[in-house]
Amino acid sequence: MDRGGCQMNGGGGGGGGDGGGEPDQSGMITLEDLESFSEDGLSDSGNNLEDDEKTIDDDRLLHYWQDVARGHQVEVSQEMAEPIQQLTSNNQGRSNRELIPFTLLSRKEKCGELLWEKRQYEKGHWACVTMREDTYEQSICYGFMKLMRYICQQNSLGDYLGMTLPIVTVVRTNENHSVISHDVTVAYFLPFEHQAQPPQPHDSEIAIELWPATAVYTRPFSGPTNEVTIVNQINAMAEQLDSPGLSVNDSFIVAGYTNPAHNNRQNEIWFLERP
């Protein structure tokens with residue numbers, strides 16, 4: 001599979017494709033879906049996903065993910081049962097999520113509202129996979145499941161690697177930012193302890209890449225991430241920037257921090273400063 005490159009500097013493959021997501025579809029399945037499972041799927045069972053002394057049957061977790069994925073026209077196979085279970089368990093105290101470090105360079109506010117921040121992200125190793133499914137949502141879902149398997153033992157260490165946030169997706173648009181390609185890159189920043197010697201994936205479609213230090217302009221938004229909302233956020237961000245020409249014009253990043261099924265999901269749109 002041609003991964004096309006995944007780097008934060010605006011690379012990540014070309015690929016045309018057209019939009020087509022419906023406004024009510026959420027963008028990707030993330031680890032946070034497991035938290036909503038404790039609220040929605042097990043509300044009457046007394047089980048708690050945060051309690052490592054209680055375990056939830058693998059099949060019930062798998063069935064929950066399968067139900068969520070059907071809304072994206074995605075099939076979750078039986079082999080996902082173990083990674084889902086691992087991400088749900090405490091993993092010997094290693095389930096704390098590590099935020100990707102950055103340096104705040106500047107910010108702009110208006111009437112108390114944050115319009116944008118400029119941040120510096122240092123170089124680091126990312127695991128990334130570029131998918132070319134029939135729809136944007138399918139590409140994100142299948143890409144994230146590949147990364148889940150890498151995080152949960154399908155790596156050269158044979159061990160759980162730990163989770164970082166946000167999970168990012170690199171999206172590409174046409175010239176006037178009206179259409180998003182279904183060619184999307186899903187990427188996971190390796191935890192600090194694995195940066196020096198990144199564990200290698202068993203899946204040949206996952207690339208470990210050293211992304212260069214990059215300055216990004218970010219703007220927060222809440223709610224679902226789909227093709228319609230992403231296009232709207234890209235255009236809204238372009239209007240707020242004082243000098244939009246300083247940023248890459250055809251590749252953007254959507255950073256997800258919380259469960260896309262929640263009405264108040266927390267996300268960011270990232271514009272990449274030209275190198």
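Predicted model: local features only at pLDDT ≥ 70, side-chain atom pairs only at ≥ 80, totals over all residues.
Biologist: Let's start with the overall make-up. How many helices and strands does the protein have?

Modeller: The secondary structure comes to five helices and 11 strands. Nine of the strands form an open sheet in the order 2-3-9-11-10-6-7-4-8, and the pairing is antiparallel.

Biologist: What makes strand 2 and strand 8 the edge strands?

Modeller: Strand 2 (103-110) and strand 8 (207-211) each pair on one side only. From one strand to the next, the twist averages 30°.

Biologist: How do you know that strand 4 and strand 8 count as a pair?

Modeller: Pairing asks for at least two bridges between the strands. Strand 4 (residues 124-132) and strand 8 are joined by five bridges, so they pair, and they run antiparallel. As one example to find on screen, G124 has W211 as its bridge partner in strand 8.

Biologist: Which helices pack on the sheet, and what do they touch?

Modeller: Helix 4 (residues 136-151) is one of them, touching strand 4, strand 6 (167-172), strand 7 (183-189) and strand 8. The direction of helix 4 makes about 30° with that of strand 7. Helix 5 (residues 227-240) packs on the sheet too, touching strand 2, strand 3 (113-121), strand 6, strand 9 (214-222), strand 10 (247-256) and strand 11 (266-273). The direction of helix 5 makes about 120° with that of strand 9.

Biologist: What is Y150 in contact with, leaving aside its neighbours within four places in sequence?

Modeller: Y150 is in contact with A127, N155, L161, Y188, L190, P199, Q200, P201, I206 and I208.

Biologist: Which part of the protein counts as buried?

Modeller: Of its 275 residues, 51% count as buried. The protein exposes about 12400 Å², and carbon and sulfur atoms supply 44% of that area.

Biologist: Let's turn to the backbone. Why is C111 called exposed?

Modeller: The cut-off for exposed is over 50% relative accessible area. C111 has 83%, so it is exposed. C111 is found in the loop between strand 2 and strand 3, and has a positive phi of about 55° although it is not a glycine.

Biologist: And why is Q153 called partly exposed?

Modeller: Partly exposed lies between the buried limit, under 20%, and the exposed limit, over 50%. The relative accessibility of Q153 is 34%, so Q153 counts as partly exposed. Q153 also has a positive phi, about 85°, without being a glycine, and its place is in the loop between helix 4 and strand 5.

Biologist: What kind of peptide bond joins L165 and P166?

Modeller: A cis peptide bond joins them, with omega about 5°. P166 has its place in the loop between strand 5 (163-165) and strand 6.

Definitions and conventions: Residues numbered from 1 in each chain as written. Heavy atoms only, no water. Helix = DSSP H or I, 4+ residues; strand = E, 2+ residues; numbered from the N terminus. Axes fitted to C-alpha atoms, helices over the stretch in contact; angles between N-to-C directions. Contact = heavy atoms within 4.5 Å. Buried < 20%, exposed > 50% of the residue type's maximum accessible area, 1.4 Å probe, protein only. Areas by Shrake-Rupley, 256 points an atom, 1.4 Å probe, with all protein chains shown as cover.
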